[in-house]
Amino acid sequence: EHAEATAPSTAQVLVASNRGPITYTLGEDGTLDAKRGGGGLVSGLSAVDDKLWVCAALGDGDREAVRRGVGEPGVRMLDIDAGVHADAYNGIANSVLWFVHHLLYQTPVEPVFDAEFRRQWAAYEAYNRAFAQALAEEAGPEAAVLVQDYHLALVPGMLRELRPDLRIGHFSHTPWAPVDYFRLLPDDIAEQLLRGILGADRAAFLTRRWADAFIGCCTEILGGTGRTRIGVHGLGADADFLRRRSREADVDERMAALREQVGEGRKTIVRVDRTELSKNIVRGLHAYRTLLETRPEWRERVVHVAFAYPSRQDLAVYRDYTAAVQTLATEINGAYGTESWTPVVLHVKDDFARSLAAYRLADVALVNPIRDGMNLVAKEVPVVSDQGCALVLSREAGAYEELGEDAIVVNPYDVVGTADALHEALSMGAEERTGRTKRLAEAATALPPQRWFLDQLEALRQE
Ligand code: F6P
């Protein structure tokens, strides 16, 4: 079914994820342009030889690359039917599973698990099956297969049936829902998801809290986790890469431009997120407005630098959320701005060098998600910060388990509490700030991506 030529089945370490390490865009003149991605998995996997990354073709460029046989050694892109992929990715993974694990439903009216949902679920099964089949074809005898995330929850179970010789791991990069919330899902679907992951030899999570929630669901719904081992691996920031990259010339240039926008002598509150419902950007802006309202001494003296990079724009609820962020930023600037002071500087165009510049410049970093598997921004800022940065951190981010002691911790729903925390962070003395930043950076880099990945591999190979 797949157009690409199949290599002999020898790979010893396989990774499977929806989004792969490379994306192709199709130019108007028909040329294909390859762009490499970053992230924990990319740098984690760089420590391993004899590996294969199986991922989905995500757009026209990727699909064209598969059809033309263009690719990279070590990467196999699956050209799954575009409609099936859209139903699985947008319909199930992002509109159902993401919502369940991040507690995002407005429960008086949603979710509604109707016939359309069942149709999309069949697509999710087909998409998971395509991955299981490709992995079964590609894996060498007794190879280790590391399946990533909520997109591919059914793969471990399906793959075990096809290839009982393999060592199979599953890793969740999201939180895991508490059992009462997980039970919003239809019973058969909830069971299928748990059994899918329990098809793995080992299921791993970013924090103890998410692992315990998963165990809780398995215990309540299935009576236990069976023979599957449960692990916790708290991915850390990639210190070497960040320190080097954040000192390059393009970052310096963007720092100069940001300084200009902020204005002389003003403090900055920085946030960098995908415009993602769970990131709580709107309440963050409310908190900032509350700060300006209730503590007028900060007016003219602080700028909220908010980078909110659009994500999942195929979904109306994400588009609406993006618009809400923009509207609120404009409102705050209209209400408080002066000729010489723009209270909120909002950028929506993704620019990694500019994000690093903002990290270096930040006096305060605001990381206030409703819920987050880990949140790497909270870990990256202290590593690259130039003169120390106070961290305002949601207790619902996975990073809280490791950084809670030296952060100013907030309940993400409490806007007044968050405004108070911003005030406390802005008021922190230089010495305290430097001390805390140093300890935060140490905690944040305790488990660098390569170690994080190798630990999982070793644990999977042990019995
Ligand atoms: O947080 C879990 C996660 O899989 C991240 O690793 C990733 O950034 C995101 O969710 C998926 O995003 P996307 O839908 O853009 O692939």
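Okay, housekeeping. Numbering starts from 1 along each chain, as its sequence is written. Since the model is predicted, local features need pLDDT of at least 70 and side-chain atom pairs count only at pLDDT 80 or more, while totals for chains, interfaces and linings use all residues.

The chain averages a pLDDT of 96, pLDDT being the predictor's per-residue confidence, from 0 to 100. Residues 1–5 fall below 50, and that stretch has 9 contacts beyond near neighbours in sequence; a contact means C-beta atoms, placed from the backbone, within 7 Å. We've got ipTM 0.93 and pTM 0.96.

Now the sheet. It's open, with 7 parallel strands ordered 5-4-1-6-7-8-9. Strands here are DSSP E runs of at least two residues, helices are H or I runs of at least four, both numbered from the N terminus, and pairing takes at least two DSSP bridges. Strand 5 (75–78) and strand 9 (229–232) sit at the edges. Strand 9 pairs with strand 8 (202–205) over 4 bridges, putting alanine 203 opposite isoleucine 230.

Helix 18 (449–461) lies across strands 1, 6, 7, 8 and 9, at about 140 degrees to strand 7. Those angles, from 0 to 180 degrees, are between N-to-C directions of axes fitted to C-alpha atoms, for helices over the stretch in contact.

Last, the core. Which residues touch the most other members of the largest nonpolar core? Leu14, Val145, Val364, Leu391, Val392 and Leu422, out of 145. Core members are buried Ala, Val, Leu, Ile, Met, Phe, Trp, Tyr and Cys joined through C-beta atoms within 7 Å, buried meaning 20 or more other C-beta atoms within 10 Å. Leucine 14's contacts include Leu52, Val54 and Val145.

Terms used: Contact = placed C-beta atoms within 7 Å. Buried ≥ 20, exposed ≤ 12 C-beta atoms within 10 Å, placed from the backbone. Lists of a residue's contacts leave out its neighbours within four places in sequence.
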